[in-house]
Amino acid sequence: MSLAEIKVKIAKAEEKAGRVPSSTHLIAVSKKQPNERVEAVLEQGHRLFGENRVQEAAAKWPAFKDRFPDTSVHLIGPLQTNKARQAMEQCDAIHSVDRPKLAQTLARLAQELGHCPDLFIQVNTGEEDQKAGVIPTETDDFIKKCQRLDLPVVGLMCIPPVDEEPSLHFALLAKIAARNGLTGLSMGMSGDFERAIAQGATHIRVGSAIFGERPAPAAT
Ligand SMILES: *Cc1c(COP(=O)(O)O)cnc(C)c1O
């Protein structure tokens with residue numbers, strides 16, 4: 001699918017859901033994609049991207065940002081505390097805040113650096129052992145904890161279980177956000193972004209539908 005085709009699908013999904021046009025931010029997930037493909041999307045005027053690893057973001061984006069200065073890069077993957085400083089320096093938003101130790105580290109660094117990216121709290125809506133995120137019953141407390149640390153929490157993020165209807169998870173995330181007064185909803189990927197928009201997504205994270213399949217790592 002081209003970027004233009006995806007934008008048409010987003011507009012249709014917004015209209016169908018009775019939402020304000022262009023109220024969904026499209027994060028083009030450029031992780032593991034060759035630079036030529038990323039550059040092609042930048043050349044088409046797109047300026048919001050997602051990476052799931054801090055090191056990859058740090059290696060790829062400073063040079064692109066020199067050429068396309070109004071670009072934003074959001075970290076959408078898990079963040080280790082020892083990479084938090086680099087993440088705060090490289091990224092304009094972090095979608096994977098999921099534990100007190102990370103929140104405390106971000107708060108300390110925010111004081112030191114004098115700024116903090118927008119933060120989304122990742123919720124493990126499917127309560128899957130292998131997945132990061134706060135479980136739903138602990139989310140209200142964790143949001144309050146982050147707010148007491150003066151962290152700029154703008155919303156919630158989820159990655160639904162692969163074998164379940166994502167709409168149920170999107171609806172749960174929207175419900176938790178609403179009762180906590182949060183407006184940001186980072187949810188929906190290549191296969192389900194229209195359903196996420198129907199449930200109120202403000203940020204969809206779309207990779208392969210824009211760039212094509214991520215190349216397999218070279219055999220070693
Ligand atoms: C890779 C990734 C995406 C994008 O996945 P696609 O299926 O390629 O659209 C979205 N969110 C997260 C957290 C990811 O790691």
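This is a predicted model: local features need pLDDT of at least 70, side-chain atom pairs count only at pLDDT 80 or more; totals for chains, interfaces and linings use all residues.
Next I listed what surrounds the ligand. The shell consists of Val29, Lys31, Ile76, Met157, Ile159, Met189, Ser190, Arg205, Val206, Gly207, Ser208 and Arg214. I sorted these shell residues by type and got six nonpolar, three polar and three charged.

For Lys31, I found a side-chain N or O atom 2.7 Å from a ligand oxygen. Gly207 uses its backbone: an N or O atom there is 2.8 Å from an oxygen atom of the ligand. Ser208 also has a polar backbone atom at 2.8 Å from a ligand oxygen. I checked the area as well: the ligand taken alone exposes 390 Å², and the protein buries 89% of that.

Separate entry, on Asn82. Where is asparagine 82 found? I placed Asn82 in the loop between β3 (72–75) and α4 (84–90).

Is asparagine 82 buried or exposed? I read a relative accessible area of 62% for Asn82, and exposed means over 50%, so I put this residue down as exposed.

Last, I looked up a distance from Asn82 to Leu102. The two residues are 20 residues apart along the chain, and I have 9.3 Å between their C-alpha atoms.

Note on methods. Residues are numbered from 1 along each chain as its sequence is written. Side-chain values use heavy atoms; hydrogens and water are left out. A residue is near a molecule or strand if one of its heavy atoms lies within 4 Å of it. A polar contact is a pair of N or O atoms within 3.5 Å; within protein, one must be able to donate a hydrogen and the other to accept it, and residues adjacent in sequence count only if both atoms are side-chain atoms. Accessible areas come from the Shrake-Rupley method with a 1.4 Å probe; for residues, only the protein chains shown count as cover. Ala, Val, Leu, Ile, Met, Phe, Trp, Tyr, Cys and Pro count as nonpolar, Asp, Glu, Lys and Arg as charged, and the others, Gly among them, as polar. Helices (H or I, at least four residues) and strands (E, at least two) are DSSP runs, numbered from the N terminus. Buried means under 20% relative accessible area, exposed over 50%, partly exposed in between (1.4 Å probe, protein chains only).
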